[in-house]
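Subject: Structure handover

Hello,

Here is the structure I promised to pass on. Please open it first, then read my notes below.

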Amino acid sequence: MSKSGEGPRVTVTRNGPYLVSGKVPLARQTIVADAQGGSERWRESDPFPAQEAYALCRCGHSANKPFCDGSHKKTRDENQAETYVYDEAGRVRVSKEY
Ligand code: FES
């Protein structure tokens, strides 16, 4: 149970991270390949120290994955119907053709 007496909880924020609370265990998962190079299973490794809550990146821009570092703020003006590509220089391509 968390401090508030609630169990595990995930909140999806608008244009931001997943907010996970309730002292949920967190560890890296790695794909294990079969002999043909296909995905066979997940292997758990590198558990993170337990915390009451986490903010997990879901934009892909964090420099501290899996945690949110606030980098999602640069995507706030994105249009849901378009695709954006980012590099070191910032947003470099906008397309509606994907
Ligand atoms: S959601 Fe915040 S950096 Fe990705």
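Start at the hairpin of S3 and S4. Five residues lie between its two strands, and Gly37 takes a positive phi near 90° there. Strands are DSSP runs of E with at least two residues, helices are runs of H or I with at least four, and both are numbered from the N terminus.

Before going on, two notes on the model. It is a predicted model: local features need pLDDT of at least 70, side-chain atom pairs count only at pLDDT 80 or more, and totals for chains, interfaces and linings use all residues. Residues are numbered from 1 along each chain as its sequence is written.

Strand S3 covers residues 27-33, and it pairs with S4 in the antiparallel sense over seven bridges. Two strands count as paired if DSSP finds at least two bridges between them. Within this pairing, Thr30 stands opposite Arg43 in S4.

How many of the nine residues of S4 are buried? The number is zero, so strand S4 (residues 39-47) lies largely in the open. Buried means that 20 or more other C-beta atoms lie within 10 Å of the residue's own; exposed means 12 or fewer, and partly exposed is in between, with C-beta atoms placed from the backbone.

Now the whole protein. It has zero helices and seven strands. From the N terminus on, the elements run β-β-β-β-β-β-β. Of the 98 residues, 4% are buried. Take the contacts with a separation of 6 or more: residues 24 or more positions apart account for 27% of them. A contact means that two C-beta atoms, placed from the backbone, lie within 7 Å.

Next, the sheet. Three strands form an open sheet in the order S1-S2-S5, with antiparallel pairing. Its edge strands are S1 (9-12) and S5 (53-56), and each pairs on one side only. The twist averages 15° from one strand to the next. For such angles, axes are lines fitted to C-alpha atoms (for helices, over the stretch in contact), and values run from 0 to 180 degrees between N-to-C directions. Strand S2 (residues 18-21) is joined to S5 by four bridges. In that pair, Leu19 has Ala55 as its bridge partner.

Last, look at Glu82. This residue is in the loop between S5 and strand S6 (83-87). Why is Glu82 exposed? Because it has 11 other C-beta atoms within 10 Å. Ser95 is 13 residues from Glu82 along the chain, and their C-alpha atoms are separated by 5.8 Å.

Best wishes
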